[in-house]
Amino acid sequence: MLEQPYVYRHAELVEPDWHRFPGWAHVTAQDWESAQWQRAHCVKNVRQLRELFGPGVDEAFYADLARDQAERATMSMLVPPQMMNTIVPRLAPSDPGFTAALYDDPVRRYMIPVFSDRRTDWPSHPYSARDSLHEAEMWVVEGLTHRYPTKVLAEVLPTCPQYCGHCTRMDLVGNPTPVVAKHKFGMTRDDRLGAMTSYLKTHPGVRDVVVSGGDVANLPWPRLEAFVADLLEIDSIRDIRLATKALMGLPQYWLTDEVRSGMERLAATARQRDVSIAIHTHVNTAQSVTPLVAKAAKAMLETGIRDVRNQGVLLRGVNTTADSLLDLCFALLDDAKIMPYYFYLCDMIPNAEHWRLSLREAQDLQHKIMGYLPGFATPRMICDVPYVGKRWVHQVSRYDTERGISYWTKNYRTAVEVDDERALEREFEYYDPIYLLPESGQEWWRAQAVERAAESAAERAVESVVERVPEPVAAI
């Protein structure tokens, strides 16, 4: 009898032994399960990583990492111990082969990218952008993106307990890096949150609020609870989603008494008002799902909220085989009770081409995972198209595979198109990584790059001439 392409086997969750790292050799279980200890011992730079690993890791790796931090990284390094402990979970740094395993590790690949990971031919797509989804352009008040007719995104703060290398909000979130000076909010936090609730009170067509950032786990709990409580008082709001990668990266936070009791209060109010509260987290690999993550997810469900769901990102070298995706989905579903929901194509931010997949690859992955998971837990592969929004990868209108350009339509107007009569007729483009294209397609893009460079040079020359022309002297 032939074996199926994927064979399901239930795998018990395991918390890797953090004592294998010399820097944590004496850390107690009590400290490890403390959210305060976890925050205080995040790995933020090459020096701290070297101290954690001790001798055994090749110096070439640290040089590779330092070069990336100086020349390519759009996010500063910030990895909580909980996440760091899932990197190369079965080896100690002193074990033979640790450095090679470190290079290959899926969590390391997206949380601690190194220079040699990146593409050198096309490190960024010509149409990449710091705010690739134009979220700030659609702010109706600072931090509140109104892209969909019935839904808004509330960016309540610009920090996280952990910084992912592929962050789609790299323009706003985190500390500046040598290559990216971050955008700063202009309003105070309380003024910004107050403006958000004021807008929602006067726009009853909005029923769904995604509370994000950043990561809501970095907003002091009393302020987060007060903001969600304010949302619950708005009659038109029926769904509230709290976005937090920290459910996986810092589960200790979600297990604190303050957060658990606060979530119980919010869930009770939500039930009284017939509103759904859900938590959306971001897990990309099965090895990130540990007993502590499962414990935190179940603790949140026990408070009475509606659901805990996962939105991952398709990242080359991390989770872009059917087996890796199915392993992750079953780990989430079986033991953590987290619902697999979406897997997004990595957004078109700078220096991300080594992670991004083509649309065709995502379509193939959707096909390969069908039929193994329950229908209600089969995640959708999503392309988040600039100026359009989320689209299933098979909803593409047309697709030029030679040049890697897909064309998409939509059935609603965003906040920047309220007066645009043609918004529902226009096609919007999304772009595959150029290095994956046939040679004819790559040559076309090289010609475009030359043409754009010439146009830019001409524009700069005109600007230079204009600057040198003296102002006319007013007649006396």
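Visitor: Leaving aside sequence neighbours within four places, what is V211 in contact with?
Guide: This is a predicted model. In it, V211 is in contact with A154, V156, V216, L224, F227, L231, I240, R241, L242 and A243.

Visitor: Which residues have the most contacts inside the largest nonpolar core?
Guide: V211 is one of them, along with F53, M84, I240, W254 and M263. That core has 140 residues.

Visitor: Which helix gives the largest share of this core?
Guide: Helix α14, residues 322-336. Ten residues of the core come from α14.

Visitor: New topic. How do helices α8 and α9 pack?
Guide: Their axes are 10 Å apart, at an angle of about 15°. Angles under 35 degrees count as roughly parallel, so α8 is roughly parallel to α9. Helix α8 covers residues 189-201, and α9 covers residues 221-232.

Visitor: Is the crossing of α8 and α9 left-handed or right-handed?
Guide: Right-handed.

Visitor: Which residues make the contact?
Guide: From α8, R189, D190, L193, M196, T197 and L200. From α9, R223, F227, D230 and L231. By class, five are nonpolar, one is polar and four are charged.

Visitor: Now Y103. Where is its place?
Guide: Y103 is in helix α6, residues 98-104.

Visitor: Why does Y103 count as partly exposed?
Guide: Because its relative accessibility is 23%. Buried would be under 20%, and exposed over 50%.

Visitor: And what is Y103 in contact with, beyond four places in sequence?
Guide: A60, F61, D64, R108, R109, V114 and S116.

Visitor: How are Y103 and A286 separated?
Guide: Their C-alpha atoms are separated by 18 Å. Along the chain, Y103 and A286 are 183 residues apart.

Technical notes: Residues numbered from 1 in each chain as written. Predicted model: local features only at pLDDT ≥ 70, side-chain atom pairs only at ≥ 80, totals over all residues. Heavy atoms only, no water. Core = buried A, V, L, I, M, F, W, Y, C linked by side-chain atoms within 4.5 Å. Buried < 20%, exposed > 50% of the residue type's maximum accessible area, 1.4 Å probe, protein only. Helix = DSSP H or I, 4+ residues; strand = E, 2+ residues; numbered from the N terminus. Contact = heavy atoms within 4.5 Å. Axes fitted to C-alpha atoms, helices over the stretch in contact; angles between N-to-C directions. Parallel < 35°, antiparallel > 145°, perpendicular 65-115°, else oblique. Left-handed = near helix turned anticlockwise from the far one by under 90°. Nonpolar A, V, L, I, M, F, W, Y, C, P; charged D, E, K, R; others polar.
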